[in-house]
Amino acid sequence: MKSLVSVIIPIYNVEQYIEKCLDSVINQTYKDLEIICVNDCSPDNSAQILLEYAQRDTRIKIVNREKNGGISAARNSGLDAAAGEYIYFLDSDDWIDPDYIEKMVWAIEKNTTDIVLNTNIQSVLDDSITPFVWKRYSKNLPEGEFLETTDAINLSQIMIWAHLYKKSFLDRYHLRFPEGYLLHEDNYFHHISKIKCEKIFCFYGGSYYYRQRQGSLISSRKSKVIPVAKILNLLLDFYQQNDYLLKYRIRFAYLCFSLLPANQEEFEVAQKIARRILFEKQYIYLTDFEKFALQLIDKSVSFQEASEKNIRFAYMRKRMKQQFKVSIIIPVYNSGKYLRKCLDSVCCQTLQDIEIICVNDCSSDNSLDILQEYAQFDNRIKIINFEQNKGVSAARNAGLEIAKGEYLGFVDSDDYIDLDFYEKLYHKAQDEKSDIAKAVKCEILDSGENKIVDINSGVKENKFNFLSEWVTAIYKNTLIQTNKIKFLVGIQCTEDIVFLVHCVLKANKVSVIDHVHYYYCRHSNSLNSKERKQELLFHSISADNEILNLLINAPESEISEREYGTLIVRFLLHILEKIFLLENLSEKQKNIILFLKKIHEEKVSYLVEKNTILKKFLRFLPDDEEQFFLYIKKFKDFNTFKFLCIMPELKKV
């Protein structure tokens with residue numbers, strides 16, 4: 001026997017729409033339904049229409065409220081009357097595809113979860129039907145995926161009717177809609193239900209037809225400050241009482257954006273809630289405009305000063321005069337799955353004086369759409385759009401060409417950062433007059449496990465020790481521009497380390513700061529072919545080759561004798577290990593081995609002579625590169641080769 005689904009439809013003044021809504025429900029392919037229609041004292045002909053439909057279909061149950069209580073009270077009345085295993089809320093002026101509920105039930109039972117979210121929404125305006133563009137999340141995934149709690153709250157729209165809920169879950173946590181609130185009561189339900197749910201399944205199923213009506217409550221209310229403030233206070237109470245602000249980074253999507261007062265009464269309300277939000281701002285995602293508006297409202301002494309018009313003009317003036325402390329460069333290529341989380345973490349930085357340069361490297365997914373959406377709400381975002389794919393180095397170089405910030409930061413589009421990441425790095429660099437300031441790296445594995453990689457103590461001893469963590473730092477722009485430092489174009493692996501070595505060689509000081517993190521998301525790369533892995537090996541060898549070039553030609557003033565010898569040995573070992581992994585030796589790769597012999601040339605011989613370990617190490621290199629390749633391939637693995645052949649030579653020193 002199939003599970004019963006309770007479909008709850010609150011009804012008020014919808015006589016011209018209710019028939020289409022009810023027809024779409026009673027004709028569902030999934031038949032095990034109870035259709036609970038809650039008449040919220042509707043003064044039009046809706047009640048009569050309900051009676052007629054109830055006579056035709058016994059699954060329809062009518063709940064008549066004694067007085068009008070609003071949509072929250074109506075939905076709660078439906079919940080009290082519901083007997084189904086699953087709960088579905090449908091708005092009475094909308095309708096759904098015939099297989100809509102069947103696919104929702106399939107999704108929730110197949111994935112053993114308490115909530116499923118269907119992202120297939122069609123927007124209906126007059127006679128026009130177009131796909132609804134989710135402002136914070138856009139996926140067309142029939143196979144679906146699970147959302148993390150923070151993503152489920154921050155990225156999914158506040159659309160209760162796009163969800164199917166397990167009733168036992170709602171009852172367990174006594175989840176109901178807050179009554180007596182004019183607007184955004186569903187926002188509260190959205191936050192609490194998703195905080196309580198361990199895993200939320202998101203998929204692209206049948207269509208929901210969302211009618212945009214000019215006379216609806218939301219469209220007719222010009223100013224929303226007071227009702228929005230009430231909901232924000234309710235949400236903040238919930239999060240603070242349960243210590244959830246410390247655990248989750250919360251975005252009160254578009255609620256803070258609505259706190260622009262239209263009169264003195266609204267100004268007083270907005271000022272109180274603005275101060276409360278700013279007190280907790282380190283735990284809340286806020287756009288740059290939201291931060292600016294809340295701070296201006298907080299400091300204003302009158303409504304005239306904090307009016308919506310004055311706030312917008314003040315923001316525009318600030319942007320025109322703004323000197324950026326940090327320019328953040330984000331290369332983007334087919335990263336729509338991760339891009340919103342990345343952009344949220346960057347746009348909501350506590351350091352507001354930043355510019356965000358996003359370089360779309362001819363993405364074929366929805367990455368450009370997401371960038372343009374965010375740029376509409378944050379004018380610090382600049383988009384460079386490549387018409388053909390050029391690679392990550394070219395994308396970063398394009399950002400370097402236009403960056404105006406005092407410092408430069410880099411974030412990969414599938415990674416994210418702490419909200420105070422750039423504020424702490426910038427102040428560290430300023431306090432210690434450093435060219436480079438570095439934070440801590442946290443690796444996020446496919447399994448969801450977090451792995452802190454903290455090498456800051458090693459960096460304090462030797463500034464070259466953070467070669468694999470270059471994105472965790474900011475770099476002084478004049479350091480980059482004066483020395484004409486760029487990323488190598490045409491090399492697809494380790495090209496970033498070449499950039500870092502060049503920067504560190506020229507830097508006067510490198511500072512480190514603990515307890516602020518760059519989150520590097522490590523994704524499995526199982527789809528790489530054998531040929532592709534061989535190609536990447538060669539690219540990596542080529543990058544190491546360029547690093548050796550930089551080191552060999554570095555003046556003595558830029559690198560100490562100890563650092564020089566250590567780095568030369570490190571990158572020679574890198575090259576030798578990668579040569580060991582090659583299956584065949586091409587002419588280009590022979591040239592790389594030949595390059596190793598350049599270290600013997602007269603122009604760098606004085607450096608070699610200063611380092612005994614390096615001198616002994618280089619004696620091992622053969623005269624014939626082909627014979628050398630065949631020789632090392634005799635060993636089972638590189639470590640065996642290294643310890644049997646190279647290390648004994650080093651131990652003699």
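## Phe571 in helix H22

Phe571 is buried, at 1% relative accessible area. Buried here means under 20% relative accessible area, exposed means over 50%, and partly exposed lies in between (1.4 Å probe, protein chains only). The residue sits in helix H22, residues 561–581. Helices (H or I, at least four residues) and strands (E, at least two) are DSSP runs, numbered from the N terminus.

Leaving aside residues up to four places away in sequence, Phe571 touches Leu467, Ile497, Val501, Asp544, Ile547, Leu548 and Leu551. A contact means heavy atoms within 4.5 Å. Phe571 and Ile541 are 30 residues apart in sequence, and their C-alpha atoms are 9.3 Å apart.

## Basis of the model

This is a predicted model, in which local features need pLDDT of at least 70 and side-chain atom pairs count only at pLDDT 80 or more, while totals for chains, interfaces and linings use all residues. Residues are numbered from 1 along each chain as its sequence is written, and side-chain values use heavy atoms, with hydrogens and water left out.

## The chain overall

The chain has 653 residues, and 57% of them are buried. It holds 27 helices and 23 strands. Take the contacts between residues at least 6 apart in sequence: 80% of these join residues at least 24 apart.

The chain exposes about 29,100 Å², and carbon and sulfur atoms supply 49% of that area. Accessible areas come from the Shrake-Rupley method with a 1.4 Å probe; for residues, only the protein chains shown count as cover.

## Helix H16

Helix H16 spans residues 392–402 and is mostly covered, with eight of its eleven residues buried. The buried residues are Ser393, Ala394, Ala395, Arg396, Asn397, Ala398, Gly399 and Leu400.

## Aromatic pairs

The whole structure contains 32 aromatic pairs. Rings of Phe, Tyr and Trp (its six-membered ring) pair if their centres lie within 6.5 Å; planes under 30 degrees apart count as stacked, over 60 as edge-to-face and the rest as tilted. Tyr165 and Phe189 form an edge-to-face pair, 5.4 Å centre to centre with 80° between the planes. Tyr165 lies in strand S10 (residues 163–166) and Phe189 in helix H7 (residues 185–196), so the pair ties together parts 24 residues apart in sequence. Both Tyr165 and Phe189 are buried.

Ring pairs also link Tyr88, Tyr100, Trp161, Tyr208 and Tyr210 into a cluster.

## Cavities

Five cavities of 30 Å³ or more turn up in a search of the whole structure. On a 1 Å grid over the protein atoms alone, a cavity is a set of points where a 1.4 Å probe fits but cannot get out; lining residues have an atom within 4 Å of a point. A volume is the space filled by probe spheres set on the points.

The second largest cavity holds about 60 Å³. Its lining is Lys281, Ile284, Leu286, Lys291, Gln295, Cys348, Thr350 and Gln352. Three of these residues are nonpolar, three polar and two charged.

## Positive phi angles

Cys41 is a residue other than glycine with a positive phi, near 55°. It lies in the loop between strand S2 (33–39) and helix H2 (46–56). Cys41 counts as partly exposed, at 27% relative accessibility.

Asp243, also not a glycine, has a positive phi near 60°. Its loop runs between helix H9 (225–241) and helix H10 (244–247). Asp243 is exposed, with a relative accessible area of 51%.

Conventions:
1 Å grid on protein atoms, 1.4 Å probe; cavity = no way out; pocket = protein on both sides within 12 Å on 5 of 7 lines; lining within 4 Å. Nonpolar A, V, L, I, M, F, W, Y, C, P; charged D, E, K, R; others polar.
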